[in-house]
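Thanks for coming, everyone. Please bring up the entry on your screens, and I'll talk you through it.

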Amino acid sequence: MTSLLYELEQVKQVYGSRTVLSIPALQISRGEIFALIGPSGAGKSTLLRLLALLEAPSSGSLRLHLDDRIVTCEDATLEDRRRVAMVFQRPVLLSRSVRQNIAYGLRLRGKRDSREQVEAMLERVSMLPLADARPHTLSGGEVQRVSLARAMILEPDILLLDEPTANLDRYNVSTIEALIRDQHARQGTTIILITHNIFQARRLATRMALLLDGELVEVGPTETLCERPQDPRTAAFVSGDLVY
Amino acid sequence: MALAMIIGIPLGIWLALRHFPGRRLLTALIYTGMGLPPVVVGLFVFLMLSRSGPFGDLGWLFTMNAMIVAQTIIATPLIIGVTMSSVQSVDPSLRMQLRALGASRWQASWAQLYEARFGVLVGLVIGFGSIISEVGAVMLVGGNIEGRTRVLTTAIVLETRKGSFDFALALGIILLLIAFVMNMAVVAIQARTGSDSQ
Ligand SMILES: Nc1ncnc2c1ncn2[C@@H]1O[C@H](COP(=O)(O)OP(=O)(O)O)[C@@H](O)[C@H]1O
Ligand SMILES: [Mg+2]
């Protein structure tokens, strides 16, 4: 039932003379919710940009298995890329209305008669009353919900979320977590999310990985990493002893 | 003016988005170009187009064409410079975020330009303003020939010299009105698009 989606081998990402990421091997399956945890500066966002095919690795290979083909950052077509959507750590919205921001990705794909779909999505993220608002008037939680909505409306095969609940209040955290679960349940979307919060990883993900200084310390089922970590550094991180 | 726009806007975007060797030098040249004394441009175009100059065979000196060439040289750097800086002032992360929503390179560039729309508009008005208020270069290369290369500004100079201050003043008011209408249009467009970037 589970099929291979991402396959990373000897992936390195180097900026200037600094190796920011170095992953000997990592596989992610179709349909799973996968959490990436680790202190800031560990290279989590960098890994997500690679998975989004926004950057090619400096060396090694990152392959994405689509239905019948295998693509990499270099040979992916626009159609291939459009099967992946990513929500950034600090979302930047367009200086247009909330409604137009949510419709943006659909319009890129030439879908103009999407009014009902947009209204339904506004409703789903509780932004209907603010549909005509301008981004600079929104709160952090609202911005985050709009940026989640503009990605989810595209019904991507893969949804990449970079700290979707960082710095948010409890209400917004649980709303966004519910949206993520709902998206997974509705469409079987593969979701890869970065979080600082080990409890959130447990609540949402089936598998997770700990990243430290650009290296993959441990990968496995969420349960295992939380209850029976194999690596002492995982134990330290999970118990909160690792200072960051 | 249209010519300066056609050249200036794409170049401004290109300069803002691309990194290549020599970009800094080019940027510095553009900024120098923004401050070019129009009379110097006029002199340059005059020399180029004069009978013994390299483009003398075109016979453009003292024609509208010569004036268009000079005005384009004056306005283009202004438009490039303002377009470039307003496109650059758009959040650099936006482009990648739009790409992550499935935008092609062109679509992302277009959205970036659209985000900078107010700045670009201001650039166009500045460019237009510099053109309609320009005297020196136009006088030099156009020759201020009645019915052919006489424009508002050069007419004002002439009428003032002749002592017809009333007429000169009236022309001046017309010039001011044109500038005012242009700027009002910008303000109106700004209000309609609800630009909140600045
Ligand atoms: N485009 C870039 N150019 C240079 N260095 C970068 C770039 N992106 C990230 N880095 C560096 O890579 C390291 C990892 O960053 P990042 O992937 O954002 O970590 P995390 O998301 O885990 O906090 C950081 O030290 C950061 O400064
Ligand atoms: Mg990060």
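Predicted model: local features only at pLDDT ≥ 70, side-chain atom pairs only at ≥ 80, totals over all residues.

Let me start with a definition. Axes here are lines fitted to C-alpha atoms, for helices over the stretch in contact, and angles run from 0 to 180 degrees between N-to-C directions. Keep that in mind for the helix pairs.

Chain B, then. It has 10 helices and 0 strands. Along the sequence the pattern reads α-α-α-α-α-α-α-α-α-α. Chain B has 198 residues, and 42% of them count as buried. Now take the contacts in chain B between residues at least 6 apart in sequence. Of those, 68% join residues at least 24 apart.

Two helix pairs in chain B.

Who touches whom? On the H5(B) side we have B:Leu94, B:Arg95, B:Leu98 and B:Arg99. They meet B:Arg105, B:Ala108, B:Ser109, B:Ala111, B:Gln112 and B:Glu115 in H6(B). By class, this contact of H5(B) with H6(B) holds 4 nonpolar, 2 polar and 4 charged residues.

Next pair: H3(B) and H4(B). The packing angle is about 135 degrees, and the axes are 9 Å apart. That puts H3(B) oblique to H4(B). The crossing of H3(B) and H4(B) is right-handed. From H3(B) come B:Pro38, B:Val41, B:Val45 and B:Leu49. From H4(B) come B:Ala66, B:Val69, B:Ala70, B:Ile73 and B:Ile74. The class count for H3(B) with H4(B) is 9 nonpolar, no polar and no charged residues.

The loop between these two helices deserves a look. H3 of chain B spans 38-49, H4 of chain B spans 64-88, and B:Phe62 sits in the loop between them. B:Phe62 is not a glycine, yet its phi is positive, about 65 degrees. Buried or exposed? B:Phe62 is partly exposed, with a relative accessible area of 34%.

On to chain A, and the metal. Which residues coordinate the magnesium ion, ligand 2? A:Ser45 through OG and A:Gln89 through OE1, at 2.1 to 2.4 Å. These two come from distant parts of the chain, 44 residues apart. A:Ser45 is in helix H1 of chain A. A:Gln89 is in the loop between strand S6 (84-87) and helix H3 (98-108) of chain A. A:Ser45 is buried, at a relative accessible area of 18%. A:Gln89 is partly exposed, at 31%.

Stay with H1(A), residues 44-51. This helix is mostly covered: 8 of its 8 residues are buried. Among them are A:Lys44 and A:Arg49. Just after H1(A), A:Leu53 takes a positive phi of about 60 degrees.

A:Gln89 also leads us to helix H5 of chain A. There we find A:Gln144, which is buried, with a relative accessible area of 6%. Leaving out residues up to four places away in sequence, A:Gln144 touches A:Val87, A:Phe88, A:Gln89, A:Pro91, A:Glu163, A:Pro164, A:Leu168 and A:Ile176.

How does H5(A), residues 140-152, pack with H3(A)? At an angle of about 30 degrees, with the axes 7 Å apart. So H3(A) is roughly parallel to H5(A). The crossing of H3(A) past H5(A) is right-handed. A:Val98, A:Asn101 and A:Ile102 in H3(A) meet A:Val146, A:Ala149 and A:Arg150 in H5(A). By class, that contact has 4 nonpolar, 1 polar and 1 charged residues.

One last stop: A:Asp213. This residue lies in the loop between strand S9 (207-212) and strand S10 (215-221) of chain A. Phi of A:Asp213 is positive, near 50 degrees, and the residue is not a glycine. A:Asp213 is exposed, with a relative accessible area of 68%.

That's the tour. Over to you.

Technical notes: Residues numbered from 1 in each chain as written. Chains lettered and ligands numbered in written order. Heavy atoms only, no water. Buried < 20%, exposed > 50% of the residue type's maximum accessible area, 1.4 Å probe, protein only. Helix = DSSP H or I, 4+ residues; strand = E, 2+ residues; numbered from the N terminus. Donors = N, O, S within 2.8 Å, 3.2 Å for Na, K, Ca; no water. Parallel < 35°, antiparallel > 145°, perpendicular 65-115°, else oblique. Left-handed = near helix turned anticlockwise from the far one by under 90°. Contact = heavy atoms within 4.5 Å. Nonpolar A, V, L, I, M, F, W, Y, C, P; charged D, E, K, R; others polar.
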